[in-house]
Every structure is written in C-alpha cells, then in structure tokens.
Amino acid sequence: MNLTIDQGNTAIKVGIFDGDRLVATNRYEKLDEQQIDQLLDDYQISAAILSTVGNTSKLPLDYLQRACPRFLRLSAQTPVPLVNEYGTPTTLGVDRMASCVGANYLLPNTNLLVVDMGTCITLDVVTADGRFLGGNISPGMAMRFKALHQYTSALPLVEPCENVPLYGNNTHDAILSGVVQAITYELEGYCKNLSKKYPGLSLYLTGGDAFYFEKRLKISIFVNPNLLLVGLNRILQFNA
C-alpha cells in the first residue's frame, strides 16, 4: 500500500493506493504525528511520497521520513516517467509535474493539456511521446474575485454561483460574469490554438474548481480531482 501526500496552498490531501487502485482519500488542514501513525496502521503502508509547493510547517516532515518504511520527497531531481523539457526545472512546481505524470499514465500516447484549477490555474502541455513542454500560470477563480475587491475601493467581493450571465447589468453580475467567462474563454482558447500544433489534444482538468468549469466548457474534457495523487503514486512506483 502506498501513501501519497500533496501539500497544496490551502490544504493537505492524502491518497492511499493498493497498487494502481486509489482506495481512500482525505483532506487535512494540518497533518500531525498521531494522524500519520493512524494512516500507517490502518493501511499497512509500505512506501510514501510527498509533494509540497511551500514550506512543510503543516506536517512533521522528520517524523514522516522516520515512520515510513520507504519515503520519497518529490523534487526537481526525482526521476519521473516523462522527459522534462522545462527551461528551469528547479523552479517548476512539483505539483505540476505530478499532475502531468498522472494524466500521461491515464491517457498514454496522447497529446495533453493538463489544467489544475486551484489557487492558481496552471496549464501544461505533455506530448504523445511523453515530453513535458511547460505551460502557463494565471490567477485562480477565487484569487481573481479577491483581487477585484481588495485592489479597488468600491467593488464587492463576489462568490461563484451556478447561474452566470453572459454579461452583467449590475456590478455583482458584471464581476461574476467577467471572472467566470474569462476563465472559460481562456481554457477554450488555449485548447483551440494548441490543437493546431498538437493534433488530437485532450484536455484534462483537476483541482478544486474543475467540476465547476466542466459543464461550462464547450469542448471534450476529462476531469479527475485526484489526478495529482495518481501522478504521485506513479512516480513512487517508477522509483521503486
């Protein structure tokens, strides 16, 4: 049984894998030694992998390394089953690489645009022959709403909802439509332009806002909220 841990910007997400099969997931604001012991005992963990985009103050890293029979912390130096053609690999977020490994594992031999819709929106291109080319980073949905409110003196803080107009006839709806429609057109535009260069391009969405935008996109997509965990498990297996 493998333990995969993703420490993101807002939460820690944990996945338990029996071989290739994801058998359990959980989210934590903070992971302590007792919770780690519980996971190790409940699932008889034989190996663990950690991906973190920031500091590790929300989990006891030293204890995790000692407690797990085999422990791997994902870094730019970790071997992965993709060819990394990013110009500055040490600055590449390991979460981006893990999600791309997961998408490539689930849809092999396919040109991919892998989009993580979390605090930030990251878009990364993986070719059918297994090359990670890089991508783009833009503010996530919540960040865009907060920026409009915090960097102006009069605009309200708007929350996303299901019914989004094409344009707004009041300030609330103008902000709502402006943010949601902009992200929708952004994703559709990238897919349209990249498909010209990479035939048969498939869009893979993950992250907290993935399902919110799934129904708004007028293109064929795959959605997997656990894509990063799948990628971590694949990397752990690759390094066995």
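Colleague: How many residues lie between β1 and β2 in the hairpin they form?
Modeller: This is a predicted model, in which local features need pLDDT of at least 70, side-chain atom pairs count only at pLDDT 80 or more, and totals for chains, interfaces and linings use all residues. Residues are numbered from 1 along each chain as its sequence is written, and side-chain values use heavy atoms, with hydrogens and water left out. Strands (DSSP runs of E, at least two residues) and helices (runs of H or I, at least four) are numbered from the N terminus. Strand β1 covers residues 2-7 and strand β2 residues 12-18, and the number of residues between them in the hairpin is four.

Colleague: Over how many bridges do β1 and β2 pair?
Modeller: Strands of a sheet pair through backbone hydrogen bonds, either parallel or antiparallel. Two strands count as paired if DSSP finds at least two bridges between them. The pairing of β1 and β2 is antiparallel, and its number of bridges is six.

Colleague: Which residue in the turn between β2 and β3 has a positive phi?
Modeller: β2 and β3 pair in the antiparallel sense over seven bridges, and I16 stands opposite A24 in β3. Their hairpin has two residues between the strands, and the turn residue with a phi of about 65° is G19.

Colleague: Which residue of β4 is the bridge partner of L3?
Modeller: β1 also pairs with β4, in the parallel sense, over six bridges. The partner of L3 in β4 is A48.

Colleague: Which strands stand at the edges of the five-stranded sheet?
Modeller: This open sheet has mixed pairing and the order β3-β2-β1-β4-β5. Its neighbouring strands are turned by 15° against each other on average, direction ignored. The strands that pair on one side only are β3 (21-28) and β5 (71-73).

Colleague: At about what angle to β1 does α7 run?
Modeller: Helix α7 packs on this sheet, in contact (heavy atoms within 4.5 Å) with β1, β2, β3, β4 and β5. Axes are lines fitted to C-alpha atoms, for helices over the stretch in contact, and angles between N-to-C directions run from 0 to 180 degrees. For α7 and β1 the angle is about 130°.

Colleague: What is the distance between the end C-alpha atoms of α7?
Modeller: The expected span of a helix is 1.5 Å times one less than its number of residues. The 12 residues of α7 (residues 227-238) should therefore span 16 Å, and the distance between the end C-alpha atoms agrees: 16 Å.

Colleague: How many residues of α7 are buried?
Modeller: Buried means under 20% relative accessible area, exposed over 50%, and partly exposed in between (1.4 Å probe, protein chains only). The buried residues of α7 include L227, V230 and I235. The helix is mostly covered, and of its 12 residues the number buried is nine.

Colleague: Why is one side of β6 and of β11 left without a neighbour in the sheet?
Modeller: The open sheet of six strands has mixed pairing and the order β6-β9-β8-β7-β10-β11. β6 (83-84) and β11 (221-223) stand at the edges, so each has a single partner strand.

Colleague: Which residue of β10 is the bridge partner of L112?
Modeller: Five bridges join β7 (residues 112-117) to β10 (residues 202-206), and the two strands run parallel. The partner of L112 in β10 is S202.

Colleague: What is the relative accessible area of T206?
Modeller: T206 is found in strand β10. Among the residues it touches, not counting those up to four places away in sequence, are S99, V115 and L227. T206 is buried, with a relative accessible area of 2%.

Colleague: How far from the ring centre of Y212 is the charged end of R216?
Modeller: R216 is found in the loop between α6 (210-214) and β11, and it counts as buried at 14% relative accessibility. A charge sits over a ring if NZ of Lys or CZ of Arg is within 6 Å of the ring centre and within 35 degrees of the ring normal. The charged end of R216 sits over the ring of Y212, and its distance from the centre is 3.9 Å.

Colleague: How far apart are the C-alpha atoms of R216 and S57?
Modeller: The two residues are 159 residues apart along the chain. Their C-alpha atoms are separated by 37 Å.
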